[in-house]
Amino acid sequence: MTDIDIELRVNGDLRRDRVPPRLVLADYLRTRCGLTGTHLGCEHGVCGACTVLLDGAAVRACLIFAVQADGSEITTVEGIAAPDGELSPVQAAFREHHGLQCGFCTPGFIVSATAFLRENPDPTEGEIREAISGNLCRCTGYQGIVKAVAAAAASTKHDAAAAMGQETLEGSA
Ligand code: FES
Ligand code: FES
């Protein structure tokens, strides 16, 4: 089958590539973009190791062809931190609360948690457990991860409240 031209943004960078229609997005990111934080575990949508953000929504990059991402904005785990390297609240909380596990499963957890907290910034523990249930770790417990996601939610809430307080102060000045 003929290769197809695609144009998309990956972690903010505009990319134009010619790809085979059968090339899955995860392989495209790893082999063409050199972004090897996105991993392929099961290759059929079960483990979550390949999770990336596509136009802000968490998706399984093993279940999408690169050509289907044409025109979209992709964020991989490499694009979650700020451009100056400052860790995102989720990354910082994973580091602090022992949510970091092996390099294979952790990126998927980070990306899934990032998308989840954008949708639900104040989750219950049950909601957190449900949200990360699509990501598998074959080795350890999930306690540190649950704690980390809760801490990231709390820190984001704290930052938002502080910003609001600042605005109020500035508004009354
Ligand atoms: S590799 Fe995509 S979900 Fe497992
Ligand atoms: S699969 Fe990553 S720590 Fe178990």
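User: How many disulfides does the count come to in this structure?
Analyst: The model is predicted; local features need pLDDT of at least 70, side-chain atom pairs count only at pLDDT 80 or more, and totals for chains, interfaces and linings use all residues. Side-chain values use heavy atoms, with hydrogens and water left out, and residues are numbered from 1 along each chain as its sequence is written. A disulfide is a pair of cysteine sulfur atoms within 2.5 Å. By this rule the number of disulfides is 0.

User: Is Cys50 buried or exposed, and with what relative accessible area?
Analyst: Buried means under 20% relative accessible area, exposed over 50%, and partly exposed in between (1.4 Å probe, protein chains only). Cys47 has 14% and counts as buried. Cys50 is likewise buried, because its relative accessible area is 3%.

User: How many salt bridges does a search of the whole structure find?
Analyst: Side chains of opposite charge can pair when their charged atoms come close. A salt bridge is taken here as a side-chain nitrogen of Lys or Arg within 4 Å of a carboxyl oxygen of Asp or Glu. Among those found are Glu7 with Arg16 (2.9 Å, N to O) and Asp17 with Arg15 (3.0 Å, N to O). The search of the whole structure gives 4.

User: Which class of accessibility does Asp17 fall in?
Analyst: The side chain of Asp17 meets that of Arg15 in a salt bridge. Arg15 is partly exposed, with a relative accessible area of 22%. Asp17 has a relative accessible area of 13%, so Asp17 is buried.

User: In which helix do Glu125 and Arg129 both lie?
Analyst: Their side chains meet in a salt bridge (2.9 Å, N to O). Glu125 is partly exposed at 46% relative accessible area, and Arg129 is partly exposed at 35%. Helices (H or I, at least four residues) and strands (E, at least two) are DSSP runs, numbered from the N terminus. The two residues are 4 apart, about one turn of the helix, and the element is α4 (residues 125–131).

User: Which residue in β2 is the bridge partner of Arg9?
Analyst: Two strands pair if DSSP finds at least two bridges between them. Strands β1 (residues 4–10) and β2 (residues 13–19) pair in the antiparallel sense over 7 bridges. They form a hairpin with 2 residues between them, and Asn11 in the turn has a positive phi of about 50 degrees. The partner of Arg9 is Leu14.

User: In the hairpin of β3 and β4, which residue takes a positive phi near 50 degrees?
Analyst: Strands β3 (residues 51–54) and β4 (residues 57–60) pair in the antiparallel sense over 4 bridges. Leu54 stands opposite Ala57 in β4. The hairpin has 2 residues between the strands, and the positive phi belongs to Asp55.

Terms used: Chains are lettered from A and ligands numbered from 1 in the order in which they are written.
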